[in-house]
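Hi everyone, thanks for making time this morning. Let me put the structure up on the screen, and then we can walk through it together.

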2 protein chains.
Amino acid sequence: MDERDENDIESEGLLCDEKELERNGSSFSFSSEKGMMMREPLLVRSRTNNTSQIAIVGANVCPIESLDYEIVDNDLFKQDWRSRNKVQIFQYLVLKWTLALLIGLSTGLVGFFNNLGVENIAGFKLLLTSNLMLWERYYLAFAAYAGCNMVLAIAAAALCAYIAPAAAGSGIPEVKAYLNGVDAHSILAPSTLFVKIFGSIFGVAAGFVVGKEGPMVHTGSCIANLLGQGGSKKYHLTWKWLRYFKNDRDRRDLITCGAAAGVAAAFRAPVGGVLFALEEAASWWRSALLWRTFFTTAVVAVVLRSLIEFCRSGKCGLFGQGGLIMFDVNSAVPTYSSPDLLAVILLGIIGGVFGSLYNYLVDKVLRTYSIINERGPPFKILLVVIISFLTSCCSYGLPWLAKCTPCPDGLKEECPTIGSSGNYKNFQCPPGQYNDLASLLLNTNDDVIRNLFSSGNEEEFHLSTLLICFVTIYCLGIITYGIAIPSGLFIPVILAGASYGRLVGTLLGSVSELDVGLFALLGAASFLGGTMRMTVSLCVILLELTNDLLMLPLVMLVLLISKTVADSFNKGVYDQIVKMKGLPYMEAHAEPYMRHLVARDVVSGPLISFSGVEKVGNILHTLQMTKHNGFPVIDEPPFSETPELCGLVLRSHLLVLLKGKKFTKQKLLSGSVILNRFHAFDFAKPGSGKGLKLEDLDIKEEEMELYVDLHPITNTSPYTVVETMSLAKAAVLFRELGLRHLCVVPKTPGRPPVVGILTRHDFMPEHILELYPHIKLHK
Amino acid sequence: MDERDENDIESEGLLCDEKELERNGSSFSFSSEKGMMMREPLLVRSRTNNTSQIAIVGANVCPIESLDYEIVDNDLFKQDWRSRNKVQIFQYLVLKWTLALLIGLSTGLVGFFNNLGVENIAGFKLLLTSNLMLWERYYLAFAAYAGCNMVLAIAAAALCAYIAPAAAGSGIPEVKAYLNGVDAHSILAPSTLFVKIFGSIFGVAAGFVVGKEGPMVHTGSCIANLLGQGGSKKYHLTWKWLRYFKNDRDRRDLITCGAAAGVAAAFRAPVGGVLFALEEAASWWRSALLWRTFFTTAVVAVVLRSLIEFCRSGKCGLFGQGGLIMFDVNSAVPTYSSPDLLAVILLGIIGGVFGSLYNYLVDKVLRTYSIINERGPPFKILLVVIISFLTSCCSYGLPWLAKCTPCPDGLKEECPTIGSSGNYKNFQCPPGQYNDLASLLLNTNDDVIRNLFSSGNEEEFHLSTLLICFVTIYCLGIITYGIAIPSGLFIPVILAGASYGRLVGTLLGSVSELDVGLFALLGAASFLGGTMRMTVSLCVILLELTNDLLMLPLVMLVLLISKTVADSFNKGVYDQIVKMKGLPYMEAHAEPYMRHLVARDVVSGPLISFSGVEKVGNILHTLQMTKHNGFPVIDEPPFSETPELCGLVLRSHLLVLLKGKKFTKQKLLSGSVILNRFHAFDFAKPGSGKGLKLEDLDIKEEEMELYVDLHPITNTSPYTVVETMSLAKAAVLFRELGLRHLCVVPKTPGRPPVVGILTRHDFMPEHILELYPHIKLHK
């Protein structure tokens with residue numbers, strides 16, 4: 001039992017009114033400026049807290065709800081921990097693994113469904129075109145091809161523009177930011193999930209140079225969020241057990257599993273999925289998570305394997321063996337000589353340059369498109385239509401430039417492939433010949449990659465074909481990302497990289513002993529390293545895709561080189577998009593300039609705090625006037641000898657408390673009443689957009705004058721830093737512990753017990769630069 | 001410039017004398033007990049700080065130097081950061097990568113050398129035995145075999161017992177503890193490295209059931225430590241640039257790279273090495289580390305590959321293809337049916353049970369052996385001799401129980417292998433026949449594993465052979481770990497697991513379609529999962545060992561099951577050894593009972609602090625009397641209005657400061673003098689055992705009365721918690737930020753500004769249980 005429950009002192013304490021708050025704010029402001037001027041002659045501006053909870057960083061405006069991974073330590077939760085028995089802990093464990101299983105199952109199913117949809121729709125489209133061309137009705141064939149693409153593109157764009165704008169793009173940057181603590185609006189909502197699945201199918205089937213891998217990661221995360229959150233609470237659709245998961249830590253763990261499952265489903269790479277989640281997605285990592293993520297991706301792998309087994313018998317329409325990309329390069333290279341290594345190093349360097357250039361151009365294009373997209377859904381769709389037409393023209397028009405090639409002898413496949421969506425396109429060629437550029441441009445992405453990776457036959461593609469293919473895909477990839485359809489970046493980069501690698505391989509054919517298929521793989525690796533800047537996860541994904549361990553050292557080498565080269569130019573593409581979207585991403589390390597600032601230099605005022613037992617009217621007024629999410633609670637006489645920091649209270653908890661209406665007429669401690677009335681689960685964090693709103697409260701005029709005891713819901717152990725703490729160390733504390741609010745306390749006694757609150761926004765370079773424009777922001 | 005430099009106030013302040021320190025301590029003690037009794041009726045004992053810096057946990061006594069990963073924020077280091085220019089940053093970067101490269105190169109070379117040594121020595125031994133047997137001189141053969149083993153065993157044991165006792169055992173638990181912040185005595189010293197390399201070669205060649213994988217990890221870490229630390233500072237053997245690496249963060253990063261390189265060298269598994277470092281070794285992980293570790297293991301892979309290529313021409317004596325284990329299971333199983341899955345699940349469950357039993361027995365044996373080993377080096381050697389003789393008897397004696405088997409037709413290999421250390425041992429058999437048990441027991445470990453994993457031929461080993469082999473290796477493995485030789489746990493577990501798996505596979509031959517070689521692999525996986533409790537890294541290591549991706553889902557399944565089963569019995573073997581060795585390992589999560597305690601409940605007194613400008617005699621006296629490593633510095637009037645916490649000063653920094661002898665007659669601020677006299681690198685953390693000792697100081701009697709300004713070396717931003725902070729949250733802060741000292745500050749004003757200091761020891765369950773015996777320690 002808490003000691004407060006026994007001392008129900010009745011008395012009238014001092015209330016924090018508006019004026020006092022103002023005074024607190026300004027008094028702090030003064031001391032801060034004084035302290036700072038003493039150290040460094042920096043320009044000091046007036047600071048207000050208006051941008052602190054609504055992050056306005058970069059070009060875009062993005063309302064953010066931060067996640068909070070801290071253990072909340074209030075009386076209510078303590079009571080709950082004490083009462084948790086072994087059965088409940090067992091329930092929790094069982095449910096945790098069940099959810100991991102369900103995430104794996106559903107992501108595997110969705111991933112398979114996605115592939116099935118794409119292969120069948122795109123396959124039908126290509127079959128139609130191919131048949132029309134066989135009858136030499138070339139214009140009609142183009143009309144059919146471009147028309148199909150257009151219809152699919154418009155469907156994808158309409159879904160995106162009207163139902164869930166958050167579903168556009170890759171989704172990986174948003175998931176990454178979410179796992180860093182940035183809960184952007186509706187990024188994991190069910191509508192986003194729906195649009196992501198179907199938009200991705202239509203978009204990829206429409207022949208755009210986009211992948212389904214990024215969207216799969218986003219889809220996996222949405223599935224995890226939906227499963228962990230349960231259905232609507234209002235209609236009692238949520239499962240009672242799921243209450244254990246209504247907190248940030250478990251939610252984040254589930255979404256990490258979902259992201260890993262997405263990669264596993266996209267590439268059929270279970271270990272790669274785990275590593276991707278670790279290297280690229282997650283900001284906080286625990287050993288237990290590795291273990292659970294691994295389980296989820298294993299389930300995905302088993303589901304996919306069984307479904308593909310099922311499809312082997314031909315029951316899945318046009319979905320063939322190639323539905324899920326899995327390339328057998330099989331170019332066992334037991335030895336390689338020094339010229340080979342030099343060639344590979346060269347490949348890595350150029351790949352790094354092209355990769356960073358890709359990032360630079362994608363950024364520019366994204367900024368241009370965002371101006372168009374902001375004008376409304378019709379403009380979004382118009383942009384998609386234009387790009388779709390351009391893509392159709394390229395895929396259909398450019399193959400006319402290529403000469404016909406006689407089919408090689410001794411092929412297992414049919415050549416040219418007539419009447420099916422095969423790899424040796426006849427296009428305009430006479431029987432017995434094929435158009436090699438059409439095989440690369442007028443085909444599904446998976447088939448193109450398989451063609452490029454195919455080993456042995458150096459003559460299969462001409463040099464000019466590979467050059468045209470590389471330039472086309474590189475350019476189309478850049479201008480396609482950013483239009484309002486779900487679009488992954490992996491496939492465009494792999495396609496461009498593989499054609500570039502095969503081009504280099506063909507050029508160096510006389511110098512190097514290595515196979516052209518292997519060169520294509522290394523080219524893809526170099527581009528991936530240059531744009532995504534991942535290392536181990538890419539390596540393992542490529543390993544699992546190609547099923548050849550012997551090329552591992554070469555892939556590692558090329559990734560290392562291309563990443564190093566590209567890192568000297570700019571940041572990885574996902575980091576770049578996170579920044580461009582204005583998501584306040586906290587880096588894991590403190591910036592060097594932070595070492596020269598202290599915590600009080602960046603806190604923004606005025607500080608608004610509550611008394612331990614506060615007037616209802618005051619709380620309501622404050623909640624209306626500000627958008628802050630956390631307020632310090634200060635105990636004042638008679639509840640303590642001097643004003644002291646009791647803890648931190650969250651807006652969402654205040655709303656639940658006010659809704660409960662356990663008010664008292666006198667200013668007294670009524671903690672035990674509140675502890676009996678409420679249960680910890682009432683304060684569990686609701687899913688995004690589902691929590692109580694201020695408008696849901698129905699406080700009568702006469703209740704405004706009553707008091708409410710905030711102690712039971714106050715987090716009595718908030719992390720604090722002294723105002724003279726180095727900002728670098730405060731940033732490390734904030735980031736490592738995943739905080740949302742960090743209380744800054746005064747160094748000297750005799751001042752108000754809290755100087756200010758640091759939030760994520762206060763650590764952003766943009767904020768600090770605004771306060772101290774003379775500070776050098778290192779790269 | 002610091003403000004203190006300008007205010008050289010001359011005055012006589014109050015000095016913290018012994019009495020006052022006592023008073024501080026007791027006053028805290030009182031308030032703490034009062035606060036606690038109010039909350040929970042727990043038994044309160046008197047607490048002293050005597051065990052706080054010297055951890056006495058569990059059965060063993062182990063003096064610990066903790067690592068400290070915090071950014072030290074004092075004036076001297078700030079001056080240094082400001083002065084660091086771009087050239088220095090570039091130097092640092094270049095050196096970082098150079099060191100990673102060097103670690104990779106040396107670990108690769110050492111790994112190769114290790115294999116070369118083992119293969120040649122053991123090969124010669126087996127050849128001799130085999131030849132003697134061929135001439136039917138069975139007793140002489142046994143004498144030669146047992147004699148060779150004995151000599152090698154004594155050599156290994158003597159090295160271990162007399163030169164570096166820390167080199168005994170696997171070394172992985174110690175590396176794991178080091179990376180958690182526990183710097184156990186001479187665990188990474190050059191002598192340990194030397195003994196680890198040669199002791200491991202002799203030990204493995206002596207035919208013990210031990211592996212070279214654990215020692216390789218330890219070797220890699222030692223190499224990394226040695227390279228990062230440079231040679232002796234006294235003889236100017238250290239490289240000037242290495243000064244950048246004289247801090248905990250860089251040292252830990254290097255050692256993580258070393259551990260990964262060790263695994264990569266042991267298993268030729270670069271990705272597995274990275275994952276091992278991540279999953280099992282490291283306690284703190286950064287994305288940048290992934291990248292650098294990956295580079296190191298890639299270098300190891302390339303070095304090994306080139307050296308093996310070199311040996312292919314037969315220049316390496318008896319070192320054949322099998323020198324580095326790399327098994328081609330090649331049992332491509334595209335499909336498996338439900339009975340197969342059931343068999344695999346059963347295998348996993350039994351594997352988990354056997355694995356946890358293994359841990360339990362190893363723990364018991366270790367405790368018994370530690371009693372023997374404590375009696376001195378001769379006893380250690382005696383124990384080794386006994387085990388060696390027992391092992392020789394088993395390996396030579398048991399094959400006599402087996403019947404001779406006719407050689408299978410159509411073998412590529414010679415059968416029986418006469419005159420070389422081959423796989424089909426003739427033993428006592430007539431020509432054309434071989435002894436299958438001798439192939440498993442009288443052979444090098446690598447060859448045995450290859451034999452067990454070999455696919456296709458179900459008849460190769462009889463059921464009884466496999467059973468005898470399993471029981472022998474399981475028992476020998478348990479009694480061998482803990483003797484005074486470097487001994488890895490991987491190989492015994494893989495051997496026992498593989499023979500168990502093949503046994504089950506042979507038994508289920510009629511039910512399951514799976515190959516016996518695959519069953520052996522799955523058996524090994526289940527044992528590894530049951531003892532080591534790693535998942536992803538084991539999976540990838542097995543993947544890289546066997547080079548077959550298609551069995552990945554089955555390996556994952558078996559690992560998941562065996563880990564889950566074994567986790568319900570006990571902890572992983574490395575965690576168990578860490579605990580048994582009494583290393584104060586900080587778990588990543590806070591224990592549930594910590595939620596019911598607050599920070600002041602566990603701080604131990606008396607608190608000893610220094611004044612901002614302190615008398616030299618006082619400092620010296622305090623350093624002599626206590627073994628504390630950190631002291632709070634408290635500013636008192638006239639340097640501040642009221643006593644306030646200035647920061648934290650480290651023992652090692654105090655020693656350097658006293659050595660410099662920049663004392664003043666008056667009690668005044670002399671920071672600028674000290675800042676000019678010293679450079680930040682003077683205070684850089686020395687390698688273990690190399691720092692200044694108290695005896696190195698030469699303070700004269702008259703200097704005792706002088707004063708020294710502690711401000712420039714005081715870390716002015718120590719992390720602090722309020723005394724009422726939940727212990728769980730304080731533990732999370734301590735662990736996540738890698739702290740060594742955590743200051744506890746009072747909640748109410750008017751008391752001394754520091755209540756106490758929390759160290760690693762204060763969070764140990766043993767310490768808390770001693771204070772509060774009624775607390776339930778959950779599992």
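Let's begin with A:Cys429, which has a relative accessibility of 8% and therefore counts as buried, since the cut-off for buried is under 20%. Please keep in mind throughout that this is a predicted model. What is A:Cys429 joined to? Its partner is A:Cys404, and the two form a disulfide with 2.0 Å from S to S. For anyone new to the term, a disulfide is a covalent bond between the sulfur atoms of two cysteines.

Is the disulfide left-handed or right-handed? The torsion about the S-S bond of A:Cys404 and A:Cys429 is about -95 degrees, so the disulfide is left-handed.

Now over to chain B. A disulfide joins B:Cys404 to B:Cys429, again with 2.0 Å from S to S. Here B:Cys404 is in strand S3 of chain B, and B:Cys429 is in the loop between S3 and strand S4 of that chain. The torsion about this S-S bond is about -95 degrees, so this disulfide is left-handed. B:Cys404 is partly exposed at 25% relative accessibility, and B:Cys429 is buried at 8%. How many disulfides are there over all chains? A search of the whole structure finds two.

B:Cys222 is buried, at 1% relative accessibility. B:Cys257 is in no disulfide either, and the nearest cysteine sulfur, that of B:Cys222, is 15 Å away. With a relative accessible area of 0%, B:Cys257 is buried.

B:Cys222 also leads us to a pair of helices. This residue is one of those in H8(B) that meet H7(B). Helix H7 of chain B covers residues 190–205 and helix H8 covers residues 213–229. Their axes come within 9 Å and cross at roughly 150 degrees, which makes H7(B) roughly antiparallel to H8(B). The crossing of these two helices is left-handed. On the H7(B) side, the residues include B:Leu193 and B:Ile197, and on the H8(B) side they include B:Ile223 and B:Leu226.

Let's compare that with another pair in chain B. Helix H12, residues 338–373, packs against helix H18, residues 516–531, at an angle of about 40 degrees, with their axes 7 Å apart. That makes H12(B) oblique to H18(B). H12(B) passes H18(B) in a right-handed crossing. Which residues make the contact? From H12(B) they include B:Gly348, B:Gly351, B:Gly352 and B:Gly355, and from H18(B) they include B:Gly523, B:Ser526 and B:Gly530.

Is A:Ala157 buried or exposed? Its relative accessibility is 0%, so A:Ala157 counts as buried. Leaving out residues up to four places away in sequence, A:Ala157 touches A:Ile381, A:Val384, A:Ala484 and A:Ile485. A:Pro592 is another story: 435 residues along the chain from A:Ala157, with 43 Å between the two C-alpha atoms.

Contacts that reach across the sequence also show up in the totals for chain A. Among contacts between residues at least 6 apart in sequence, 80% join residues at least 24 apart. Chain A has 779 residues, of which 63% count as buried. Its secondary structure comes to 26 helices and 12 strands.

Finally, how do the two chains relate? A rotation of 180 degrees, with 0.0 Å of shift along its axis, superposes chain B on chain A with an RMSD of 0.0 Å. The two copies are thus related as by a two-fold rotation axis. As for where they meet, 100% of the interface residues of chain B are also interface residues in chain A, so the copies meet through the same surface.

That's my tour, and I'm happy to take questions!

Methods
Residues are numbered from 1 along each chain as its sequence is written. Chains are lettered from A and ligands numbered from 1 in the order in which they are written. This is a predicted model: local features need pLDDT of at least 70, side-chain atom pairs count only at pLDDT 80 or more; totals for chains, interfaces and linings use all residues. Side-chain values use heavy atoms; hydrogens and water are left out. Copies are superposed by least squares on the C-alpha atoms of residues with pLDDT of at least 70 in both. Contact means heavy atoms within 4.5 Å. A disulfide is a pair of cysteine sulfur atoms within 2.5 Å. Buried means under 20% relative accessible area, exposed over 50%, partly exposed in between (1.4 Å probe, protein chains only). Helices (H or I, at least four residues) and strands (E, at least two) are DSSP runs, numbered from the N terminus. Axes are lines fitted to C-alpha atoms, for helices over the stretch in contact, and angles run from 0 to 180 degrees between N-to-C directions. Angles under 35 degrees count as roughly parallel, over 145 as roughly antiparallel, 65 to 115 as roughly perpendicular and the rest as oblique. A crossing is left-handed if the near helix is turned anticlockwise from the far one by less than a right angle, and right-handed if clockwise.
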